[in-house]
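Please examine the sequence and the structure shown here before reading the explanation below.

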Amino acid sequence: MHLNRYGQVGIFMASAAGLQLAAVAAGRGFLLTQMTMSAYYTLAVLGISLLMGYAGQISLGHAGFVAVGGYTSAVLTTLDLTPYRAQPLVAASQGLGLLLARPDLYGGELLVVQPLVACILAVALATLLAFVVGIPVLKLKGHYLAMATLGVGTIVYSLALGTQWLGAADGISSVPPFPLPFGASVGGPAGGRVVNYYVAVALLGAAMLLLLNLVQARVGRALRAIHGAEDAAAAMGVDTASLKLKTFVLSAALAALAGVFLTHYNGGIGPSEASVMKSVKYMAIVAVGGMGSLWGTLGMSLALNFLSLRGYFGAYDDVVFGLILVGMMLFAPEGLLALQPRRALAALRLRLRRREDGEEPR
Amino acid sequence: MTPFLEVSGVSKRFGGIQAVSGVSFQVRRGMIKAVIGPNGAGKTTLFNMVSGFSAPDHGTITFGGHPIHGCRPHQVAARGISRTFQNIRLFEHLSALENVMVGRHLRSRAGFLAGMLDLGWARREATAMRGLALEVMAFLGIEALADAEATSLAYGQQRAVELARALASDPELVLLDEPAAGLNMRETRDLAGLITRIRDRGITVLLVEHDMSLVMEICDEVLVLSYGEKIAEADPRTVQRDPQVVKVYLGEEEC
């Protein structure tokens, strides 16, 4: 049976609903917390999948973009503007309804930026950063983006860790929930766990649909062409530098959006979110999910992030993802789903038979 | 006729090797012109300069009155120059039809937003692209290969797909880099007919070729290069009788 993209996303949403019902029915509703976080991480991973699998570019710094999104939103929604309310910019923002007065933990009142406005600014900042990094680098052929993004990731991590007003090693906490229509919100009291889960799943489903559409469309075809034979794509009039740049910026924006929602959901963010190991983890997931396979990446990302968040890999979390990356590159560079188990079995059988016959194995 | 492609005094050096030195020539609209010469004569370097893959050290290249030296490949393509490659470069993992559709990239405009939102006009544009790509494939007699993975096709078929891709952008000038390489005699004969029909569609053809019978049969003019320099430029008959050409090129062939 051949399902179109809309049908596929529908099935995904239905399966997600099934998982939720199963978790609640089994009395293990608390698992939804990690499932929700896993969905947000997957949002970032999908952008990297587009970048790596379709544009053929490697980023070693996407955790940096997640953190730029998360920290920007965290700062703007926690920084009290009350002392500055007389300043023209603050006063004008308040007049335009861009600010929000909310109670703080101690009964006082804070004047902060509206979460929606903060979210837009956070994504815009990550987009701008991606442009600035990408413009010079993506004019070059080869894997220079990997090096440049590694640098960006490291800088963001160091800044987050070393800056007092970003909370240094503690990060930023008491980030308010992100209000949504109909009284729902991202984050907030534990009672909203189920709603939160569905919000994350809906966001992920929507992003997936947009990306599935994109890779089928003219731009996606051109990206795959660049991946296949960059010279030939350029000779056909494909502006390879511009397409790679736009893909990189789109993936950075998705990462930042994921960072924003993750931060509101968790109620805070710390510097580890920006660490290079996180970036490597994202890349490992894309590798195992399959280069150029958005569904493979989505499935693997949800599963591996969930296991990691539940602590199944314990203290070896980084080791596991590092091994996954090395293993995939060695044995299945096209991803797990591209492996052909029957062909592999046949080859193995042939090998064993040769050995029984006393021949040297090939 | 006014010159259509005008190359004047272009030179290109790679390290210690002067690949092309001071070559000038013109291509008039509607003609088939060949660039020939022994291996290492600078033919491919010349092609790469015309198509924007490398910038000449000296000299100018204009196309339809616009300077194109120093333009990047996609900008040259946007001016109406399309090309094939000596070593076939098809897009891996794309079907033959999709390969040809990428050739229509220039003539379509759906971007990131239209693609992501699956807008109606972008869909209609994609359908039109598909139709036109199939039409070009039918013109070359390869529409039956549309759904095959391009890089898994037979060599001659891959050449045809590459040609279809180059034609799909409705170019004014198409550069064919050794289109007969690796083809058998029969396929080469078919190719000769095909190139003539491409010209008859109003597309100017500039080709690099080693197959002399093909060059002599279909070309209006031949440019001969040797060690990066132009040594002759005339109609095929004259070139064949040129003593210098016979010495450096045809003479070697007859040994």
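Predicted model: local features only at pLDDT ≥ 70, side-chain atom pairs only at ≥ 80, totals over all residues.

Residues are numbered from 1 along each chain as its sequence is written, and chains are lettered from A and ligands numbered from 1 in the order in which they are written.

Chain A contains 14 helices and 4 strands; helices (H or I, at least four residues) and strands (E, at least two) are DSSP runs, numbered from the N terminus. With a radius of gyration of 22 Å, close to the 21 Å given by the globule rule for 362 residues, chain A is as compact as a globular protein of that length. The radius is taken over C-alpha atoms, and the globule rule is 2.2 Å times the number of residues to the power 0.38. Along the principal axes, the C-alpha atoms of chain A fill a box of roughly 85 × 55 × 40 Å. Of its 362 residues, 48% count as buried; a residue is buried if 20 or more other C-beta atoms lie within 10 Å of its own, exposed if 12 or fewer, and partly exposed in between, with C-beta atoms placed from the backbone. Among the contacts of chain A with a separation of 6 or more, 77% join residues 24 or more positions apart, a contact being two residues whose C-beta atoms, placed from the backbone, lie within 7 Å.

In space, Leu298(A) and Val45(A) are 7.8 Å apart, C-alpha to C-alpha, although 253 residues separate them in sequence. Neighbours within four places in sequence aside, Leu298(A) is in contact with Thr42(A), Leu46(A) and Met208(A).

Chain A also has a hairpin, formed by β1(A) and β2(A) with 5 residues between them. Strand β1 (residues 99-103) runs antiparallel to strand β2 (residues 109-113) of chain A, and 5 bridges join them; two strands pair if DSSP finds at least two bridges between them. Pro103(A) stands opposite Glu109(A) of β2(A), and in the turn Gly107(A) has a positive phi of about 90°.

Which elements of chain A give two or more residues to the side that touches chain B? The contact takes 24 residues from chain A and 31 residues from chain B. On the side of chain A, the elements in question are α7 (193-216), α8 (218-228), α9 (230-235) and α10 (240-266). Of these, α8(A) gives the most, with 8 residues. By class, this side has 14 nonpolar, 4 polar and 6 charged residues; Ala, Val, Leu, Ile, Met, Phe, Trp, Tyr, Cys and Pro count as nonpolar, Asp, Glu, Lys and Arg as charged, and the others, Gly among them, as polar. Helix α8(A) has 11 of its 11 residues buried, so it is largely enclosed by the rest of the structure. Its buried residues include Arg218(A), Arg221(A) and Arg224(A).

In chain B, an open sheet of 4 strands has the order β2-β1-β4-β5, with antiparallel pairing. β2 (17-28) and β5 (66-67) of chain B stand at the edges with a single partner strand each, so one side of each lacks a neighbour in the sheet. Strand β1 (residues 3-14) of chain B pairs with β2(B) over 8 bridges, and Lys12(B) stands opposite Val20(B) there. Their hairpin has 2 residues between the strands, and Gly15(B) takes a positive phi near 55°.

Strand β7 (residues 173-177) of chain B has 5 of its 5 residues buried. Leu173(B), Leu175(B) and Asp177(B) lie on one side, and Val174(B) and Leu176(B) on the other. β7(B) runs parallel to strand β6 (residues 81-83) of chain B, to which 3 bridges join it, and pairs in the parallel sense with strand β8 (residues 204-208) of chain B over 5 bridges.
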